[in-house]
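Here is a friendly walk through one protein model, written for someone who likes to think in side chains. Please keep the structure open while you read.

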Amino acid sequence: MTDREWNDSRPIYRQLRDRVVAMILDGVLREGDPLPSVRNVAAEYRINPLTVLKAYQQLVDEQLVESRRGRGMFINAGARNLLLQGERHKFLAEQWPGIQATIKRLGLTAQELLAAAESGGASTNTSEER
């Protein structure tokens, strides 16, 4: 949870929850790992401990973490796979239609997209330049 900046358009607890989710998906936090304590996160980010607790509770409600009384919060087994399923579905339902429309509008081919993906950036060789 390195980024200390918050976006004003969304509640901080949601952004904090999303940061933990990203850490799980990226493999920074693995099954069985403890989450940083509520007090530590609140102090590090200078936010109310109740905000951290609300973010953590959302993760518990989503069955991604479990609370162990007196010991803290821990990443559940299968949390990453559960997240991958949900995030893939969310991407395909919410973001992909817009991306697909842009691809169509720009007349990009599958080969151009693959070339750009392989090079890690934009391909300078478009179909109009050929």
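## About the model

This is a predicted model, in which local features need pLDDT of at least 70, side-chain atom pairs count only at pLDDT 80 or more, and totals for chains, interfaces and linings use all residues. Residues are numbered from 1 along each chain as its sequence is written, and side-chain values use heavy atoms, with hydrogens and water left out.

## Helices, strands and the hairpin

Helices (H or I, at least four residues) and strands (E, at least two) are DSSP runs, numbered from the N terminus. Strand S1 is joined to strand S2 (residues 72-75) by four bridges, and the two run antiparallel. For strands to count as paired, DSSP has to find at least two bridges between them.

Within this pairing, Ser-67 stands opposite Met-73 in S2. The hairpin of S1 and S2 has three residues between the strands, and Gly-70 there takes a positive phi near 80°.

## The nonpolar core

A nonpolar core here is a set of buried Ala, Val, Leu, Ile, Met, Phe, Trp, Tyr and Cys residues joined through side-chain atoms within 4.5 Å. Buried means under 20% relative accessible area, exposed means over 50%, and partly exposed lies in between (1.4 Å probe, protein chains only).

The largest core has 23 residues, and Leu-35, Tyr-56 and Leu-59 touch the most other members. At least two residues each come from H1, helix H2 (38-45), H3, S2 and helix H4 (79-106). H1 gives the largest share, six residues.

## Charged pairs

Side chains of opposite charge can pair when their charged atoms come close. The rule used for a salt bridge is a side-chain nitrogen of Lys or Arg within 4 Å of a carboxyl oxygen of Asp or Glu. By this rule there are four salt bridges.

Arg-17 bridges to Asp-18, with the closest N and O atoms 2.7 Å apart. Arg-17 is buried at 7% relative accessible area, whereas Asp-18 is partly exposed at 23%. Arg-17 also meets Glu-62 in a salt bridge (2.7 Å, N to O). That pair links distant parts of the chain, with Glu-62 in the loop between helix H3 (49-61) and strand S1 (65-68) and Arg-17 in helix H1 (residues 12-25), 45 residues apart. Glu-62 is partly exposed, with a relative accessible area of 27%.

Another salt bridge joins Arg-68 and Glu-66, whose closest N and O atoms are 3.0 Å apart. Arg-68 is partly exposed at 27%, and Glu-66 is partly exposed at 31%.

## Rings and the charges over them

Rings of Phe, Tyr and Trp (its six-membered ring) pair if their centres lie within 6.5 Å; planes under 30 degrees apart are stacked, over 60 edge-to-face, and the rest tilted. The structure holds two aromatic pairs. In the pair of Phe-91 and Trp-96, the centres are 6.3 Å apart and the planes stand at 45°, so the pair is tilted. Phe-91 is partly exposed at 32% relative accessible area, and Trp-96 is partly exposed at 31%.

A charge sits over a ring if NZ of Lys or CZ of Arg is within 6 Å of the ring centre and within 35 degrees of the ring normal. Arg-19 lies over the face of Trp-6, 3.9 Å from the ring centre. Arg-68, the partner of Glu-66 in a salt bridge, lies over the face of Phe-74, at 4.0 Å from the ring centre.

## Single residues to look at

Gln-58 lies in helix H3 and is buried, with a relative accessible area of 19%. Not counting residues up to four places away in sequence, Gln-58 touches Tyr-13, Arg-14 and Arg-17, where contact means heavy atoms within 4.5 Å. Gly-98, in helix H4, is partly exposed at 40%.

Arg-46 has a positive phi near 55°; Arg-46 sits in the loop between H2 and H3 and is exposed at 78% relative accessibility. Gln-63 has a positive phi near 60°; its place is the loop between H3 and S1, and Gln-63 is exposed at 56%.
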